[in-house]
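Reader: Could you walk me through this one? I'd like to go residue by residue and then look at the ligand.

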Amino acid sequence: MTATARIERIHARQVLDSRGHPTVEVEVHCQGGAFGRAIVPSGASTGKHEARELRDGEAEHFGGKGVLRAVSHVNTVLAPALLGRDVSAQRAIDRTLCELDGTPDKSRLGANAILGISLACAHAAADAQGVPLWRYLADDRQPLLPLPMVNLISGGLHAGGNLDFQDFLLLPIGARSYSEALEMTVRVYRALAATLARHGFEGVLVGDEGGFGPKLQHNEQAVQLAVEAIEKAGLRPGHDAALALDVASTHFYRNGSYHLHSTVGVSLTAKELADTLLHWVTKYPILSIEDGMAEDDWEGWVKLTSVLGKKVQLIGDDLFVTNPERVKRGIAEGVANGVLIKLNQIGTLTETLDVIHLAQQAGYRPVISARSGETEDATIADLAVATGAGQIKIGSVARSERLAKYNQLLRIEEELGKEAFAAWRPVGS
Ligand code: 2PG
Ligand code: MG
């Protein structure tokens, strides 16, 4: 048994994320030398019910996006309360952080301040025990490398509103190991660049998550090009590789309708959108749909789940915001069958682990996810392995804030072995 490592010093600073926006970095030093560091990510297509990240709002500094108040909350309010505490007492630490904030959405001290400490403590605790983070977090669970769900084409708020739907993603379902999945993905990504160029589109410029961001005529064209790229890569659509969508429909939902700009003037009811998605699922190898309905359109979600819930994975992102209460409601109402997991939507590691557990217990699939604003921090790779979540969504196979996680998973694969891999399971199996 390792001796308790006590927290000696906590220090936060402002650093930059992949969009050049400020974010919070926290370092935790323990007596005896153990050390942990974490950087907090940030979303663009955020859900209304997420925990609140604190921004300074001073226009003259980073256009109001500075995080110096959150940094100061770490250094002057939260850190003093944790000095001398056992760094491995994660649940107690996270409880203290939440209590010091005192609001349900962490808006007083900032979810970015709180999450930075929460994660840095986990890193320090792993260091104190001399084990990698994934092993420390796994506890007595069976660690598993996740199947990646990889962004190919970006739209919506991640690519200047070129398309209504936000992400067109690859699911390399035929892969027998994580590294094979990654290699298949790179093949399709390269084939897509060539496919786009052949069709006369810009095949080099990428969106916030490294996916291509061409100005296509309509959403369906993105699906068609992705299928073409799978074939060009020498893979069989629906057999070796399939597609996933993040519709992110919250962001084009107004007054009870779904307004599609790229198909000029088209507004759909929830039923019509569900039928459109059903039509696509019948026509294309689409196996997973995220945020097919808007964050508070629970009725729409019931319809969508009744139409598609037995055929494909239906993931709630803006709907659930990694919040136990919202996930419980979803389970009770039989809405969706998967939960996107983003640490900064809820704001502590403990609450995130609880939501993953809740989803797993209910047979809902957890998909660990990065944000569109990311950094070199690779914590989510370890989290995905430790919890055996089964799937991870990091963005595309370009840009180093994405590769930091993909490469961390390669390192973990080397230790765990290729067999420790969560191969794709069809919905209903
Ligand atoms: C999403 C995420 C990641 P953001 O909607 O799933 O792709 O985007 O971080 O902007 O919320
Ligand atoms: Mg999403």
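Reader: Where does A12 sit?

Author: A12 is in strand β1, residues 7-16, where strands are DSSP runs of E with at least two residues, helices are runs of H or I with at least four, and both are numbered from the N terminus. This is a predicted model, in which local features need pLDDT of at least 70, side-chain atom pairs count only at pLDDT 80 or more, and totals for chains, interfaces and linings use all residues. Residues are numbered from 1 along each chain as its sequence is written, chains are lettered from A and ligands numbered from 1 in the order in which they are written, and side-chain values use heavy atoms, with hydrogens and water left out.

Reader: Is A12 buried or exposed?

Author: A12 is buried, because its relative accessible area is 2%, and buried means under 20%, exposed over 50% and partly exposed in between, with a 1.4 Å probe and protein chains only.

Reader: And how far is A12 from T76?

Author: Their C-alpha atoms are separated by 9.9 Å, although A12 and T76 are 64 residues apart along the chain.

Reader: Switching to the ligand, which residues are closest to ligand 1?

Author: The closest are A44, H158, R371, S372 and K393, out of 16 residues that surround ligand 1; a residue counts as near if one of its heavy atoms lies within 4 Å. By class, that shell has three nonpolar, five polar and eight charged residues. Here Ala, Val, Leu, Ile, Met, Phe, Trp, Tyr, Cys and Pro count as nonpolar, Asp, Glu, Lys and Arg as charged, and the others, Gly among them, as polar.

Reader: Which side chains come up to an oxygen atom of ligand 1?

Author: Among them is K393, with a polar side-chain atom 2.6 Å from an oxygen atom of ligand 1. For R371, the distance from a side-chain N or O atom to a ligand oxygen is 2.7 Å, and for D317 it is 3.0 Å. Taken alone, ligand 1 exposes 310 Å², and the protein buries 99% of that, with areas from the Shrake-Rupley method and a 1.4 Å probe.

Reader: Which domains supply the shell around ligand 1?

Author: Domain 1 (7-130) and domain 2 (147-416) each supply at least three residues, with bounds from an automatic or database domain assignment.

Reader: Back to S372, what does its side chain contact?

Author: The S372 side chain makes a polar contact with the side chain of R19 at 2.9 Å, and the S372 side chain also reaches the backbone nitrogen of A44 at 3.1 Å. A polar contact is a pair of N or O atoms within 3.5 Å; within protein, one must be able to donate a hydrogen and the other to accept it, and residues adjacent in sequence count only if both atoms are side-chain atoms. S372 is in the loop between β13 (365-369) and α12 (379-387), and counts as buried at 3% relative accessibility.

Reader: What about the largest nonpolar core, which members touch the most others?

Author: V28 and I289 do, in a core of 137 residues, a core being a set of buried Ala, Val, Leu, Ile, Met, Phe, Trp, Tyr and Cys residues joined through side-chain atoms within 4.5 Å. Helix α3 (residues 111-129) gives the most to this core, with 11 residues. Domain 1 (7-130) and domain 2 (147-416) both give residues, so this core lies between them.
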